[in-house]
Amino acid sequence: MTYYLAVETDSGCFIGCNHKHRSVISAAACISSAGGYVVAVEKRRLRELIDAEDDEFRWAMNGTGEQKEKARRAYIRMLRLLRSGTM
Ligand SMILES: [Zn+2]
């Protein structure tokens, strides 16, 4: 099974989120900084996104649909709640 992580670098450190996102878009919504990216985890090993997944990532980050933006914000709010709460 493949899952996805939102990753970012902070002062040279590589930080991944603690989720196992089922989709690239879900992981992309988890990115909190401008320099964030998504990587795949397959058989417990990190790997870079393949082209199709990278397309999905770009779509998630650059899509302009208002509906999608709302969904993304709602998702981010939900994640914040989960993080601050008792997940
Ligand atoms: Zn995440």
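**A close look at the sheet and its core**

Author: Start with Y4, which stands opposite A40 in β3. The model is a predicted one: local features need pLDDT of at least 70, side-chain atom pairs count only at pLDDT 80 or more, and totals for chains, interfaces and linings use all residues. Residues are numbered from 1 along each chain, as its sequence is written.

The protein has 3 helices and 4 strands. Both are DSSP runs numbered from the N terminus: helices are H or I with at least four residues, strands are E with at least two. Along the sequence the pattern reads β-β-α-β-β-α-α.

Now the strands. Pairing requires that DSSP finds at least two bridges between two strands. β1 and β3 pair antiparallel over 6 bridges. β1 is also joined to β2, by 4 bridges, and these two run antiparallel. β1 and β2 form a hairpin with 2 residues between them. S11 sits in the turn, with a positive phi of about 50 degrees. Most residues other than glycine have a negative phi.

Next, the core. A residue is buried if 20 or more other C-beta atoms lie within 10 Å of its own, exposed if 12 or fewer, and partly exposed in between; the C-beta atoms are placed from the backbone. Buried residues make up 13% of the 87 residues. A nonpolar core is a set of buried Ala, Val, Leu, Ile, Met, Phe, Trp, Tyr and Cys residues joined through C-beta atoms within 7 Å. The largest one has 10 residues: Y4, A6, V24, I25, A27, A28, A29, C30, V38 and F57. β1 (2–10) and α1 (24–30) are the elements that give two or more residues to this core. α1 supplies the largest share, 6 residues.

V24 is one of the core residues. Contact means that two C-beta atoms, placed from the backbone, lie within 7 Å. Setting aside neighbours within four places in sequence, V24 is in contact with Y4, V38, L49, E53, E56, F57 and A60. Across the protein, residues 24 or more positions apart account for 50% of the contacts with a separation of 6 or more.

L49 leads on from V24. L49 lies in the loop between β4 (45–47) and α2 (51–62). Residues up to four places away aside, L49 touches V24, V38, V39, A40, D54 and F57. L49 counts as partly exposed because 18 other C-beta atoms lie within 10 Å. Y37 is 12 residues from L49 along the chain, and their C-alpha atoms are separated by 9.7 Å.

H19 is another loop residue, found between β2 (13–16) and α1. H19 is partly exposed because it has 15 C-beta neighbours inside 10 Å.

Last, the loop between β3 (37–42) and β4, where K43 is placed. R44 is in the loop between β3 and β4 too. K43 is not a glycine, yet its phi is positive, near 50 degrees. R44 is not a glycine either, and its phi is positive at about 65 degrees. K43 is exposed because it has 7 C-beta neighbours inside 10 Å. R44 is exposed because it has 5.
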